[in-house]
Amino acid sequence: MATYGMALDYKNCINCKACEVACKEENGIELGAEKHRIWVGGNEPDGIWPLLNAASAAFMPSQCQHCEEAPCEEVCPTHATYYDDNGVVRVDPDKCILCSYCMNACPYDARFVDSRTMTVDKCNFCSNTRLARGETTTACQNTCPTKVRIFGDLDDPNSEISVLLRTREHFTLKTHLGTKPKLFYVM
Amino acid sequence: MRVEVSRRRFLQGSVALSVIGGASFGVTSLLAQEEERELEVMTKTGTGKAKFVPTLCEMCVNKCAAIARVEDGVVTKLDPNPMFPKSKNMLCPRGNAGIQALYDPDRLKYPMIRVGEKGEGKFKRVTWDEAYNAILNGTDKFPGVTKILDEEEDNRSSFLFCAGEGMAEHTFKTFYSAFGSTNWLNHSSICLQTVASAYGVTLGAYPAADLENATYIIMAGANRAEAIVTPDTMTLFKRTKGRGAKLVCIDPRFTNTAAKADKWLPINPGTDLAFVLALTHVVLKEELYNKEYVEANFNDFEIYKNHIISNGYTPEWASKITMIPAGEIYTIAREFMQHAPRAIYYPGRRSTFATNDFQLRRAMAIFQALSGGIDAKGGLVFGKKLELGSHESLEPMYFQAQGRAVQQVTKANGKIGYDDCAIATGSGSWIAWRNRFLENRMPYKVRGMFIYKHNPMMNMPNTKKTAQMLKKMELVVAIDTMPSDTVMYADVVLPECTYLERTDPVNTFPGVEPSIAQRNKVIEPMYESKPVIEILRGLTQKIAKPLFEITKKHDMDVQDSLANLTPAATVVTDENATVPSDTNATVASTTLSAEQKEAEVFAEFDISKPFLESQEEINAHLVSEVYGEEAVTALKEHGVFYPNMKQFYKQTSVNEFQYYPEKEKAYTINGGAPKTASGKVECNLANLAEKGADPMPTWKDEYAFKVPKGKFRLITGRHAQFTQSGTANNIALHDLMHTNYIWINARVAADMGIKFGDEVEVSSKTGKTTIKAYPTEQIAPNVVFFIHGFGAESNALTWAYKNGGNDNAIIEDIVEPVYGASAMHETNVEIRKV
């Protein structure tokens, strides 16, 4: 029993996409542009050459936010989407009927269809792969060259993520929707 | 136009590759004899039993440490190996995609010999022995080594040897040395020749940058956010953006490094030299340099100072050339010196951009030295190197072997130089050599070539000329893992296994935190592929004796030795002898039969000798000789070794590790002095002047950036998701970016009616290529850019074939005048929508 979350020191991100490949290789995700559990978003800088604003060109790693109040869980008619014991939002492929309500409900565009199983897939913090084998990091965190990601137990006051969130300013995405994400972007 | 707002939306417009598994692709002529290929590229993960093997990545040149997870003989995941100080605890996207290089269905699987026309790509599958025989004796399509060497009277230099960068390059070079040729070419002259040499002659070594402790960094013409170099990339970007290190990025385009910088200033391509000279001017004029350091460590400082001041290299002067505002140059020069010695003008390590590249790098090195930030924490550092033991190689003396195919000439100004460039190095000048060969300007005939892990068709300017060279070579032997464009021109193809299927020569990695690391074999080689050491063992055992016969026929020294083998030259011992061996030797050698004599002489020419031991055995000697058995075991179990590793290495956070305690780090090894022979920073190199090159960095009008109206300057570069042409067929990387795009200024593109994704033809004097457009404000109106490595013509590469544009089809072959490197950013191109 834990409450897993992830802090993203997103200013470290160089948009190399190592995390995307590591995720696919670790979790056996289908190839293809639409089949991503995690991704890095980027903006072109504001301005007109040669006057460009570097600060506007941030890279934002994103994925399922593992909301405490997850809209996808709320709308799922078959309870295929559920919270596991560690607060991770999971999908049971056996129960999924591909109604795609969850895909529409998710404000973070974090879900996609696995065309092999014809069910909805998303990030599960490597729960059935790395964590199941007893490892303590996710694939994306482990491989990241600039160490953007810190995964850990929010219930443990001494965990690195808890300490970090106590000591550094951070924000969550689309906070106003009340989804209570467990992905924290560190400033 | 704004693209890549979210990753998905960007790819939606550009990638048609959503379902791979089960799709069928046309069977290529190369693999025509095969059954339809099974395209099993889906990744899979088991949670059952697995073994973990520490290895080193070879998806680029960095050699980061990885741990391979192997389940039922299948590599299912590559994870970072946290124990290696160089790569710390990371694998980039290419490192992660290494599995797809191993299981690439297009891999070379069997030895093959050419049955079609040269370059046509029609091959026949043969056994290893048949392939070796074809190299030795030829076929009806091509001559063998014996024919060529006999006709060239044992001139071993009638064969060219070339190799790409890699841990086993050394093994192949051992073959070159034993074979006795003098013609060796590698990546240097199309890579970092000028930067390495310029820092070498100025500071005595090509230094590393202590980005962990620097507080001010100028990164000009290097793109560490995309051209990933470990540990620099990981270290630097944790500290920029107001977090301890100020990064000033100077680049003609707005790169990912620019996005992570604290200041980005665009510059006209090829004018960085003017920028550095102006920084130097400010520092000298305002006396901001470290006087104590200069006093103690500079040669010819006053001459250099006078040179800079009297030439009027002011910021105002540089501003017109570079387009960087003079005020910015003043600020950067002053800030740099305020932060010194924790300030770095980053040396970079990529290709030569402009013909003035050598002088640029010299100016950078001298500017850095003026700050005193040499061999110092937070500056440029030499670092410590852990020595390895030695391994015997064999370099027979072939009397008939000619010297290297470079000619020393008297230049127009009466100075002595070489016909291609001022200084001829061991790595040679690739394009100068190729062009001389094509233009029949060789001092003797070169008729065959051995290529290892090298793709000249894709890797150097003017692809057309490279194709002509390969066609003109009578015997081309290629050792590679993939059916590259170059392999298509081979007569004999020898399939090497990938890096995950072989143990490579152990290597030492110098730095502030030095270590030794080893690439361990993860799984047995697939198909009939072999590691290069085994390929060379088989080949040399086949050809050593027949080649010796040719030497006997033409080599007077050998003939003499066989006729007059003197007793003193031999030591033959009898294992059962009780008498001292020297006495015994004399007795034995006087009674040598003709066969014994021949065997003795042959022993000096037995080129199979260096390859007899396995790589594992050789590595064990190399490390145990210096560090004992402990090191051998550590390299096997952990992939990494350094003294006191057990004590020093520990995890410090969920992501980070300590390799050396702070006081053990080798920031300073030379007391802050440069490593030149004189022990001084060399400002003024008189011997360069003798060879017709400027003795001090000097700006010349011809260096100015000029693009005729209606044309564009083409610049090229590296990328975080692809490594040149070597990864162009990797399916997991295609998943991230399907093809390359040409960056063109958004307003210019709009005027030309070019939209995102439109096909455009890019052409120059050299040739043309077709590529998709990416209109953006991140590049100047008269400059275009696309990444190197795409646009392969080998139809045996399912995903790389005719995918994107090939820069080297259009880059002109311009030789940099000092070291003969290829100047990559000197080509103007035209663009039209197709």
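This is a predicted model: local features need pLDDT of at least 70, side-chain atom pairs count only at pLDDT 80 or more; totals for chains, interfaces and linings use all residues.

Tutor: Residues are numbered from 1 along each chain as its sequence is written, and chains are lettered from A and ligands numbered from 1 in the order in which they are written.

Student: Into which domains is chain B divided?
Tutor: Domain bounds come from an automatic or database domain assignment. Here chain B has domain 1 (112-193 + 401-541), domain 2 (194-382 + 670-690) and domain 3 (706-833). The centres of domain 1 and domain 2 of chain B, taken over C-alpha atoms, are 36 Å apart. Their contact (C-beta atoms, placed from the backbone, within 7 Å) takes eight residues from domain 1 of chain B and 12 residues from domain 2 of chain B.

Student: How should I read a sheet, and what is the strand order in the open sheet of four strands in chain B?
Tutor: Strands of a sheet pair through backbone hydrogen bonds, either parallel or antiparallel. Strands (E, at least two residues) and helices (H or I, at least four) are DSSP runs numbered from the N terminus, and two strands pair if DSSP finds at least two bridges between them. In chain B the order is β11-β10-β9-β13, with parallel pairing. The edge strands, each pairing on one side only, are β11 (263-265) and β13 (343-345) of chain B. Five bridges join β9 (residues 216-220) to β10 (residues 246-250) of chain B, and B:Met219 stands opposite B:Cys249 in β10(B). Helix α14 (residues 326-339) of chain B lies across β9, β10, β11 and β13 of chain B, at about 135° to β9(B), where axes are lines fitted to C-alpha atoms, for helices over the stretch in contact, and angles run from 0 to 180 degrees between N-to-C directions.

Student: Which strand pairs with β1 of chain A in the antiparallel sense?
Tutor: Strand β1 (residues 4-8) of chain A pairs with β10(A) over five bridges, and A:Ala7 has A:Ile150 as its bridge partner there.

Student: How many residues does the largest nonpolar core have?
Tutor: In soluble globular proteins, nonpolar side chains tend to be buried together. A nonpolar core is a set of buried Ala, Val, Leu, Ile, Met, Phe, Trp, Tyr and Cys residues joined through C-beta atoms within 7 Å; buried means 20 or more other C-beta atoms within 10 Å of a residue's own, exposed 12 or fewer, and partly exposed in between. The largest core has 296 residues, and B:Ile217, B:Ile742 and B:Val784 have the most contacts inside it. Helix α10 (residues 272-285) of chain B gives the most to this core, with 10 residues.

Student: How many residues of chain A are in contact with chain B?
Tutor: There are 50 residues of chain A in contact with 60 residues of chain B. On the side of chain A, α1(A) gives the largest share, eight residues.

Student: Why is B:Asn828 called partly exposed?
Tutor: B:Asn828 is partly exposed because 17 other C-beta atoms lie within 10 Å. This residue is placed in strand β31 (residues 828-833) of chain B. B:Asn828 and B:Ile715 are 113 residues apart in sequence, yet 9.3 Å apart in space, C-alpha to C-alpha.

Conventions:
Two residues are in contact if their C-beta atoms, placed from the backbone, lie within 7 Å.
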